[in-house]
Amino acid sequence: GQTELVEAIMGLRTPQAGTIQVDNENLIGMSTKQILRAGVGYIPEDRSLDGVVREFTVAENLVLDTYDRPPYGNAFRLNPAAIAASARERVSQFDIRTSSPDAPVSTLSGGNQQKVVVAREMSRPLRLFIAAQPTRGVDVGSIEFIHGRIVHERDIGTAVLVVSSELDEVVGLADRIAVMYRGR
């Protein structure tokens, strides 16, 4: 039920019952794009399938959800200079190991691909941050970095939901723990 819960929050699955609210704003019926724009950040559990577009560059992946908004662009055109400047800043800030922001994201290690997703999601104001299996398949250094960013987000007052099958990860990051069993 973990995957289904996260998909329902993100507008990827229609809930059977109940409500989903962030700061008293009902998310049910919103598109995923609207939910992201409502201040929800999301690290999907499968970065290759749902987190990055492997053929796109690192810079393009860093603006997947904001490419059509200033300063990166609008409904009619992109601003390549702003996208490139932002990518250089995020590559440095999030320690993304790449030869260039213009390199295809497929050339990066799994940990660095995950850092691209983390950088994209944490580079805008958030009200809720959802991290589904945030360190699956990444190296120890990337795990520590990602955990540090999650804790930082919590410390600045963002609500954080970590969904993980790694007990050590849950215990290390959580203020409260809920166990899902048979959909409850």
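I looked up I177 and found it in the segment after α8 (167–173); helices (H or I, at least four residues) and strands (E, at least two) are DSSP runs numbered from the N terminus. The model is predicted: local features need pLDDT of at least 70, side-chain atom pairs count only at pLDDT 80 or more, and totals for chains, interfaces and linings use all residues. Residues are numbered from 1 along each chain as its sequence is written, and side-chain values use heavy atoms, with hydrogens and water left out.

I177 is exposed, at 54% relative accessible area (exposed is over 50%, buried under 20%, partly exposed in between; 1.4 Å probe, protein chains only). I then noted that I177 belongs to a nonpolar surface patch with L167, V171, V179 and Y181, with about 590 Å² of accessible area together. Such a patch takes residues with over 30% relative accessible area and no salt bridge, nonpolar side chains (Val, Leu, Ile, Met, Phe, Trp, Tyr) being joined within 5 Å and like charges within 9 Å. A salt bridge is a side-chain nitrogen of Lys or Arg within 4 Å of a carboxyl oxygen of Asp or Glu. Areas are Shrake-Rupley values with a 1.4 Å probe, and for residues only the protein chains shown count as cover.

Next I checked the largest pocket. The volume is about 680 Å³. A pocket is an open set of points on a 1 Å grid over the protein atoms alone, where a 1.4 Å probe fits, with protein on both sides within 12 Å along at least five of seven lines; lining residues have an atom within 4 Å of a point. Points are joined across faces, edges and corners, and the volume is the space filled by probe spheres set on them. β5 (159–163) gives the largest share of this lining, 5 residues. I counted the classes as 16 nonpolar, 2 polar and 4 charged (Ala, Val, Leu, Ile, Met, Phe, Trp, Tyr, Cys and Pro are nonpolar; Asp, Glu, Lys and Arg charged; the others, Gly among them, polar).

Last, I went through the backbone. Most residues other than glycine have a negative phi, and most peptide bonds are trans. P70 and P71 are joined by a cis peptide bond, omega about 5°. D23 has a positive phi of about 50° and is exposed at 58%. Q133 has a positive phi near 50° but is buried at 7%.
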